[in-house]
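Subject: Structure handover

Hi,

Here is the structure for you to look through. My notes follow below it.

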Amino acid sequence: MNGHATNGDSAHSASKALELLKTYESRDGISVHDLMDETKMGGLTYNDFLLLPGYIGFPAAQVDMTSKLTKKITLKTPFTSSPMDTVTETDMAIHMALLGGVGVIHHNCSVEQQAEMVRKVKRFENGFILDPIVISPKTKVRETRALKQRWGFGGFAVTESGKLRSKLVGIVTPRDVQFHHDAESPVSEVMSTELVTAPEGVNLQEANEILSKSKKGKLPIVDANGNLIALLSRSDLMKNISYPHASKLPGTKQLLSAAAIGTRPQDKDRLSALVEAGLDVVILDSSQGNSMYQIEMIRWIKSQFKDLEVIGGNVVTREQAAALIDAGVDGLRIGMGAGSACITQEVMAVGRPQATSVFRVCEFASRFGVPCIADGGIQNVGHIVKALCLGAGTIMMGGLLAACTESPGSYTIGEDGLRRKVYRGMGSIDAMEDKAAGGATDKAGNVAKNAGTARYFSEGDKLLVAQGVSGSVLDRGSINKFLPYLSAGVQHSLQDIGCKSIAELQEGVKAGEVRFEYRTASAQLEGGVSGFAGSVEKKLYS
């Protein structure tokens, strides 16, 4: 080697590399504003670009995943599940909240069914249970078993009157009634009467200490006269240890509950029932959110339920967003036609590529402190990171979660021999004609006013026009493994970019420090799997 650069330039000392870097007029890659210039680049999807790597100076586990869902609500992980009838019911909503996100319960069901799902989420994990289910000594064993089937837990306080603020006389546990020979026996014959209690006024930490030292499943809180005031559960104490990032409300320690409704007058009654059940966040579910129906509904909700957080949508333009922000939303949902089971863009010729939608709406909404959900088009960890870097506070998943153990429906075995679950868009003919969801039997008159028809403004149509499809998706196992995989993937991605938090990532993008590269079709091909002789198993987590 002669010590000279092969291009004829003088070689520089290696110690001057960082100094020389500063002499370049621009950094590698392009800024987000150059990337998202529609006049030059057109509308972009997540696969159309990459983020460039930065400097790794910290372990991935230190990456802070905290992000905003609404103006007042912050999540420990930026994940929400879609309000679709094949994605989010009670189990999904509970486990999404336990793992730091939130599940949005669908409304393709009766008011009573949806309110019951909200109620179960709120009762699943508590600090002090201020409205425990109470039974009387005369309640029969079979009735207690039925209560367990309904609520999912079997420990009940027994008071003289069978009501709260009555004298506590015992506790019934599942073991007391499980094998009892006479289902008609009153619980007074099987209940435990040797009780450990705590006095009214005890704080949560003190009560938890009493509970942890006892060998009981429940800790009743009683007043000076022995009347039941509240209850504390050992299972909740264990959940606090097992799920440290759970999405809860301060004070009550109940899990965060979210649900969707439509924008028609009858949805006002639905919402009233949901709020009574304990709802914290409502999403107004519409394929095109900028409508007179939604604007009126937002204003009505804000006048009637001042503590309820309202998320509007769906929107894909600043103009749509501005109307809903002006009406008073606490958050926005972005996406039109980007979902894996959605064909709105194809059929209606209306919509917008998702990456461009997220960037434009988030940039505008952030000026008013309104967080946004990126809804649709999420197929992997990389898409999640791209949505977050473009300004989304959280991302919403439908098809990605549809075949998890906690999603509605049972597994079937497909022709390929693999376990699958049904997944359908809410604009599919199957969803819009679903009689079990509250629709009428008169298919010709199309008065099946369910979430599928209402979401696409199709209640009065005699001929339904599909904007979604039905199919099946491969089993992904339990959400308890899949969501932590997604979280770990996002943390490693932010580590590669050199950002210690989602907030730092978004600030770096705004400042032009986080850089991008547009991907040609050849670049996308290069970034995928290639060169294998046979089939490839893409195993994403262990």
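What share of the contacts in the protein with a separation of 6 or more is between residues 24 or more positions apart? The figure is 65%. Contact here means heavy atoms within 4.5 Å.

Two points on conventions. This is a predicted model, so local features need pLDDT of at least 70 and side-chain atom pairs count only at pLDDT 80 or more, while totals for chains, interfaces and linings use all residues. Residues are numbered from 1 along each chain as its sequence is written, and side-chain values use heavy atoms, with hydrogens and water left out.

Overall picture

The protein has 20 helices and 21 strands. These are DSSP runs numbered from the N terminus: helices are H or I with at least four residues, strands are E with at least two. Of the 542 residues, 51% are buried. Buried means under 20% relative accessible area, exposed over 50%, and partly exposed in between, with a 1.4 Å probe and protein chains only. The accessible surface comes to about 25,900 Å². Carbon and sulfur atoms hold 52% of that surface. The areas come from the Shrake-Rupley method with a 1.4 Å probe; for residues, only the protein chains shown count as cover.

Annotated sites

An unreviewed UniProt entry lists D285, S286, S287, G335, M336 and G337 under "binding site". They are spread over 53 residues of sequence, yet cluster in space, with a largest C-alpha distance of 14.1 Å. UniProt positions are given in the numbering used here, feature names are shortened, and annotations may be inferred rather than shown by experiment.

S287 sits in the loop between β13 (281-284) and α11 (292-304). S287 counts as buried because its relative accessibility is 9%.

G335 is in the loop between β15 (331-334) and α13 (344-348). At 5% relative accessibility, G335 is buried too. Leaving aside residues up to four places away in sequence, G335 touches N314, V315, V316, Q354 and D375.

For "active site", the unreviewed UniProt entry gives C342 and R455. C342 is found in the loop between β15 and α13.

A183

A183 lies in the loop between α7 (174-178) and β9 (198-199). Is A183 buried or partly exposed? A183 counts as partly exposed, because its relative accessibility is 23%. Beyond residues up to four places away in sequence, A183 touches K140, V141, R142 and R145. A183 and R145 are 38 residues apart along the chain, and their C-alpha atoms are separated by 8.9 Å.

Best wishes
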